[in-house]
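Please look over the structure shown below together with its sequence.

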Amino acid sequence: MRLARFTSRRLAALTATLVAATAGPVVAQPADDLRDRLYDWSDGVLVVAHRACHAPAPSRGMPKAVPENSLAALDRCVALGVDMVEIDIRRTADGALVLMHDPTVDRTTNGRGRVSDLTLAQIQALRLDTPGGGPTEAPPTLEAFLARAQGRILINLDVKEPIAEQVAQVVLASGAAGQVLVKARPEAGAAPMADLPPYRSLAFMPMVGAVGGRALGDPAGIAALQVLAENRVPAIELCDLRRSEFKAVRAQARLARVRLWSNALARKGLKGVWARAWAGGAAADGRHTWRRLIDDGVSVIQTNRPATLLDYLDARGLRGNAPPVVNAAL
């Protein structure tokens with residue numbers, strides 16, 4: 001099975017190369033293959049782009065930044081060959097779901113106000129700030145983002161408000177449900193959340209660890225219960241864990257053969273990494289941190305620097321059976 005799969009990938013790569021030679025740039029990033037890799041705990045390191053691929057990627061021919069949580073950032077992720085894009089979901093005053101990290105539109109658009117106080121029409125009249133210049137776009141709706149991503153890349157939804165049921169309904173209606181990973185924080189002793197509505201029809205990842213520096217129960221005990229779900233859990237997200245807590249969670253993940261997911265962002269992921277890496281800020285999201293995470297057994301890394309992380313993984317031969325990609329500069 002592994003040999004047949006490997007051969008088919010080689011053939012796909014050859015086909016992509018031939019097409020590129022005759023028809024211009026081609027992007028090949030089969031979502032079904034990526035989903036298989038997400039559930040295969042031993043298949044290389046996966047790259048998750050935090051708020052999509054908004055940072056410049058000069059090593060890949062993309063020297064300018066694009067807006068976070070945008071369709072342009074999604075297209076860049078696909079062109080780079082990123083495994084998964086992480087986006088943030090909020091609800092407007094009239095009940096629409098839009099991409100926005102902050103509770104207000106002040107930082108990322110040319111407008112002001114809370115997302116929850118603005119209608120969809122008001123949100124769509126705004127334009128995202130474009131750090132690198134060039135065309136602008138309105139903050140996309142969740143429906144528009146899912147339609148653009150369909151069949152191209154995996155999507156992790158960071159739902160910023162208690163709207164999980166509505167989010168699940170939109171995802172299930174979109175036709176892209178097989179590409180979506182949702183997540184939430186289980187309480188100590190809680191039944192496996194992956195088997196409960198609204199998560200049971202989607203890929204679900206439990207988050208274990210502290211919130212704002214406050215521990216929420218026994219992380220390893222929570223992980224041990226959550227991986228028992230009939231709706232199989234592909235990964236566990238590590239949130240501000242102490243070293244001893246991490247080792248216990250890692251043991252549970254290995255028993256269940258699920259991936260460990262960590263942010264490579266300051267003050268998130270593993271406390272021990274930040275104690276050993278340089279202090280914080282953007283510098284923490286770099287090669288030293290990535291190496292420590294991978295050496296500790298983390299195989300899904302969320303980063304603000306996806307192109308650089310891809311270069312690092314390629315150099316170390318850690319991409320596993322990643323689908324071949326012919327890059328298109330966006």
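The sections that follow describe a predicted model.

## The disulfide and its surroundings

The count of disulfides in the model comes to 1, and the bond in question is formed by Cys53 and Cys77, whose sulfur atoms lie 2.1 Å apart. Cys53 sits in the loop between β1 and α3, whereas Cys77 belongs to helix α3, and the pair links distant parts of the chain, 24 residues apart. Because the torsion about the S-S bond of Cys53 and Cys77 is about 105°, the disulfide is right-handed. Both Cys53 and Cys77 are buried.

The loop between β1 and α3 also holds Asn69, a residue that has a positive phi of about 50° although it is not a glycine. With a relative accessibility of 3%, Asn69 counts as buried.

## Salt bridges

A search of the whole structure finds 19 salt bridges. One of them joins the side chains of Glu68 and Arg51, at 3.4 Å from N to O; both residues are in the loop between β1 (46-50) and α3 (71-80), and they are 17 residues apart. Glu68 counts as buried at 13% relative accessibility, and Arg51 is likewise buried, with a relative accessible area of 15%.

A further salt bridge brings together the side chains of Arg152 and Asp75, with an N to O distance of 3.1 Å. Arg152 lies in the loop between α5 (142-149) and β4 (154-159) while Asp75 is in helix α3, so the pair ties together parts that are 77 residues apart in sequence. Asp75 is buried at 13% relative accessibility, whereas Arg152 is partly exposed, with a relative accessible area of 25%. Elsewhere, Arg37, Asp43, Asp83 and Arg319 are linked in a network of salt bridges.

Asp240 is placed in the loop between β7 (235-239) and α8, and its phi is near 55°, a positive value in a residue other than glycine. Asp240 counts as buried, since its relative accessibility is 18% and the cut-off for that class is under 20%. Cys239 is buried as well, with a relative accessible area of 6%.

In the salt bridge between Glu245 and Arg242, the closest N and O atoms are 3.6 Å apart. Glu245 counts as buried at 18% relative accessibility, but Arg242 counts as partly exposed at 42%. Gln252 lies in helix α8, which covers residues 243-256, and is partly exposed, with a relative accessible area of 24%. The C-alpha atoms of Gln252 and Gly221 are 8.6 Å apart in space, while the two residues are 31 residues apart in sequence.

Ile123 lies in helix α4, made up of residues 120-124, and is buried, with a relative accessible area of 0%. Between Ile123 and Val98, which are 25 residues apart in sequence, the C-alpha to C-alpha distance is 8.5 Å.

In helix α10, which spans residues 287-295, the residues Thr289, Trp290, Leu293 and Ile294 are buried. Seen down the axis of α10, its buried residues fall within an arc of 125°, so they line one face of the helix. Gly297 follows α10 and has a positive phi, near 110°.

## A cis peptide bond

Pro197 and Pro198 are joined by a cis peptide bond, for which omega is about 10°. Pro198 is found in the loop between β5 (180-184) and β6 (203-209).

## The second largest pocket

What volume does the second largest pocket have, and which residues are the closest to its centre? The space in the second largest pocket is about 190 Å³; 13 residues line the pocket, and the closest to its centre are Val66, Ala72, Thr130, Gly133 and Pro135. By residue class, the lining of the second largest pocket divides into 6 nonpolar, 3 polar and 4 charged residues.

Definitions and conventions: Residues are numbered from 1 along each chain as its sequence is written. This is a predicted model: local features need pLDDT of at least 70, side-chain atom pairs count only at pLDDT 80 or more; totals for chains, interfaces and linings use all residues. Side-chain values use heavy atoms; hydrogens and water are left out. On a 1 Å grid over the protein atoms alone, a cavity is a set of points where a 1.4 Å probe fits but cannot get out, and a pocket is an open set with protein on both sides within 12 Å along at least five of seven lines; lining residues have an atom within 4 Å of a point. Grid points are joined across faces, edges and corners, and a volume is the space filled by probe spheres set on the points. Ala, Val, Leu, Ile, Met, Phe, Trp, Tyr, Cys and Pro count as nonpolar, Asp, Glu, Lys and Arg as charged, and the others, Gly among them, as polar. A salt bridge is a side-chain nitrogen of Lys or Arg within 4 Å of a carboxyl oxygen of Asp or Glu. Helices (H or I, at least four residues) and strands (E, at least two) are DSSP runs, numbered from the N terminus. Buried means under 20% relative accessible area, exposed over 50%, partly exposed in between (1.4 Å probe, protein chains only). A disulfide is a pair of cysteine sulfur atoms within 2.5 Å. The arc is that of the directions from the helix axis to the C-beta atoms.
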